[in-house]
Amino acid sequence: MISLTRIVKATFLERSRRLSYWALIILALIAAVIGYPRIKGPIKVFVLEPNLFIQASNPSWVPVSVVLVLGLFLPIISYLFLKNTIGIDDQNHTNVLMASVSFSKIKYIGGKFLANCLLLFILWIVIILGTIIMVILQFPGKFIDFYQFLTPFLTLLPGIFIISMLAIFTEIVPFLRGILGIILVSFFSLICYGVSIENYNSFFLKIINPSGSSYLFKMIQDTCVKTVGQPLKQTMLLSSGNFKETGKQTLFFLPIKFTQQDLLIFIIQLIICIVMLILAGFIFSPHKYSNKIRKNSIPINLVHDHHKLKTINSKSASSSLLKTSFALLWRPLSIYNKLALIILWLTAWLSSLAIKQLIILPLILLTELPLLSNLGSQITQFSFYQWLMTIPKAQNKQQFFEYVASLTFTLILFLPFMLKSSYTALLLVCFSIMICMLAQVLGLITKGNRMFIFLMVIFCFIYLNGITNLLPINKLNPSVCLVYLGVTLVLFLIKCSLKQLIK
Amino acid sequence: MELDIKNVSLKFGQRLILDNINLNLHSGGLIGLIGPNGAGKSTLLRIISTILQPEKGSIFLDGVDIVKYPKKMRISLGYLPQQVPYYPHLTAIEYLQYIAALKGISKKQARSNIENLLTKFHLINAKNTKLADFSGGMRQRVGIAATLLGDPKVIIVDEPTVGLDPLERVTIRNVLAEMAVNHIVILSTHIISDIEAVASKIIVLKEGQILYTGSPERLLQRVTNSVWEYTAPVNQVLNQLENVSSITQEIDGVHIRVISQSKPNAEAVNVTPRLEDASLAILESGD
C-alpha cells in the first residue's frame, strides 16, 4: 500500500535535487531584486500616480511591488516547472512498475499535488527572504510591521494550490498534456491578472485568479482613497514610459485586510482543487496499451551472407538531411496541430488586413509553437546530440539543417502576411530568423522547450492585447528589423560559444 | 590500425572512475572489455570515442593523439552507446539515411550500404516501420547498423546485446567478429558468452583498474586447477555458496561450479575452466 507521505517525500526530493529547481530558486531571488519599485532606468517597475505621490518613499512599497510583478509571471513559470510531475515517472519508467501493481490513484495524485505545493511553498519563502534583504538594503534603519510586510505575500498562497493542481490536471487530461495546456493555463493566468486591475471586487475572479492580484489592486485603491480622497488614475507596471515625478505626498500602503469572505474564497479554492484532483485520480492510468502489432516476427537466419561493405566517399547528402529535418519537425505534431496550422494558413489568405495582423498572426505563432519548441531540445532527448559528437561535423550539420527547415517552414506560414508590402516581408523574415535561432539556442541550453514556450506565450499574449509594436507589420519601423537581427547575432554567438565550451 | 592508450585516468568529483589505464589494441580480432557494472567500461569507451576527455593520459590512434585531435578518431569511428540513440518518428530506413547523410555518405552509396546492413541484421522487412514501434532488440540492431554505416575502421560498441534474445546476440557477435579481422572492434559486456569463442583479446576491468589484458587462452591458464564442480540433488536448498561460477540443472542433479584454490568439498572434482570461470576468478581475487 502506497503511503501518501512517501510519495510526497520521493517526488519532492526528486524535483528539488534537479538543477532546474535551483535555477528557479535563483530566479525567485533575482525576481525579488527586479521587483523592487525602481523608477529610474529604461524599465519602471512600479509607478503609482507620479504627479501625486513620491515613488517608493518607504519600505511598504517593496513587498507590494515585488508581489505585483511576481503575480504576473510566477504562476506561469511555476506551472511550467511543475508541468511534468507525472511525466517524471514515465521518463524513469516507474510507470511500468505502477502498471504492474495495485495502488490508490487518489493517494498517488494527492502525493504529487502536495509535493508540488511544498516545492512552490519553498519558493515563496525564498521570495519573502529576498524581499526582506531588498528592504534592508534600500531602506536601512527603516522597518515596517511584519504582518504588513507579509500580507501581500499571503495573496500568493492560494495560487500555490491552484497552480499545483493545474499542473497535475493538465498533465493527466490527454488533450491538455502538450503545449495546448501550457498556452491555456498561461493565457488564463494573464487574463485573470489583467481583468483584476479593474474588477478586483469580483468574487468569482478572486476564486479563479492564481496570482491573487485582486487583493493587491483593491488594497492599492483603498490606500490611495484613504490618503488623497480619490481613486487611482495612473498605475504603471514594468513600463518603459517616461514621466516626471512631481508628487509630494508620501503613500504608505496599508496591510491587506482579509475578511471572512476571503476565508470562504480560500476554502472554495481548496475544495475546487480537491475535486479536480479526485477527478484527475479517476482519469489517471499508468497503463499505456498499444493495439499495434509490431512486425517483430522476422526469422533470424544464422547462415548469413558475407557481403563486404563497400568503401564510401564522403560526398555531402544535403537534400537527404533537409528532407529528414523537415520530417523531424513535422511528424511529431499531432493531427490536430497540423490541421490547425493548415486551416489558419488558409484563413490568413482570405482574411482582411486587420484580422490578419491582430488575430491570425499570433494564432499561427501559437500553433507553430509545438514545432518551434522542438528545435534544439528534441535532439537532446534520445541520447542523440551527444552521440553526434562522434561523427565529424555531424552536430553542426544537424543544427544547420534543422534551422533551415524550421526557418523555411516559418516563412511559408508567414507568406500570406508578407505579400502586403516589402517592408512587412523584410520584418517577418527578420522575425522568423530570430525566433528559430532563439528556439534552437534555448533548447540546447535548457535541454527542454519550456523556456521558449514561456517567452512566446508572453509575446503572443501581449500581441493579442493590442500591443503590436513588437511586430509592427502595419507601421514602418525599420529599427525593429535591426533589433531582431541584432538579437539573432547575439544568439548565434552564444551558440558558437556553447559549442566551444563543449569541445 | 593501432590504438595506444597511455596512463588514462578520470575522476568524477572525488570518485576515481579510471585509474592509470594502459592498453595497446590492434585490429585482427575482436577485443572484449569485460567487468561488473560500475567497473568503468562505458567511461573508458566514451573517452576512446572522444565524448569525454581524460584528466590524465593520452590516446594515440596510429600515432596521433586523439585527446588533442579528436577529429582523427571521429573520421574513423563507429560508436554505439549503451543507450541507443534514435528518433521515434522516423522509420528504420529514414533514420539510417539520415545518419548516412550526417556522415557525409552520398545518396547512392548510402542506399546500397543501408540495404546491406538491414539485410545483415534481419531488418529488411521492417525498414518502413517507425522506430517507436520497434522492440528494444530491433532498435539495438538499427543502432548497430547505424554504427557500421560508412565502414568505420574503429568500432566501439557498449553492451550491444542488452535486451536481445539469444539468436540476435549470436548474429551481432558474428557480425562484429567478422569485422574485427581488419578493423579495431571493441565490445564491452558483462556477459561472457557474448565474446566467448570470438574474442582474440580480453580486457578485464574492475573499479577503474585493469586486472587482466591478454588472450583468452592465457586467462584460462591462470585458473587451471582452480575450477571445481560437484553435484547437489535437485530441490536441495542451496545457501551460503561462495565463489560460484555457475549452477546448471542437468539430468543427474544440480551441477555447481566453484572457483577455489583448494578442493571445496569431498565430492568436488577438478574441471577444465571456461572463460566465465576465469573472469570470475580474476574479478573475485583482484589479480
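Colleague: Is the crossing in which α3(B) passes α4(B) left-handed or right-handed?
Modeller: This is a predicted model, in which local features need pLDDT of at least 70, side-chain atom pairs count only at 80 or more, totals for chains, interfaces and linings use all residues, and side-chain values use heavy atoms without hydrogens or water. Residues are numbered from 1 along each chain as its sequence is written, with chains lettered from A and ligands numbered from 1 in the order written. A near helix turned from the far one by less than a right angle gives a left-handed crossing if anticlockwise and a right-handed one if clockwise. For α3(B) and α4(B), the crossing is right-handed.

Colleague: Which residues of α4(B) make the contact with α3(B)?
Modeller: Contact means heavy atoms within 4.5 Å. From α3(B) come B:I93, B:L96, B:Q97 and B:A100, and they meet, in α4(B), B:A110, B:I114, B:E115 and B:L118.

Colleague: How many residues of strand β3 of chain B are buried?
Modeller: Buried means under 20% relative accessible area (1.4 Å probe, protein chains only). B:L30, B:G32 and B:I34 point one way and B:I31 and B:L33 the other, all of them buried. Strand β3 (residues 30–34) is therefore largely enclosed by the rest of the structure, the buried count being 5 of the 5.

Colleague: Which residue of β9(B) stands opposite B:L33?
Modeller: Strands (DSSP runs of E, at least two residues) are numbered from the N terminus, and two pair if DSSP finds at least two bridges between them. β3(B) and β9 (residues 199–206) pair in the parallel sense over 5 bridges. Opposite B:L33 is B:I203.

Note on methods. Helices (H or I, at least four residues) and strands (E, at least two) are DSSP runs, numbered from the N terminus. Buried means under 20% relative accessible area, exposed over 50%, partly exposed in between (1.4 Å probe, protein chains only).
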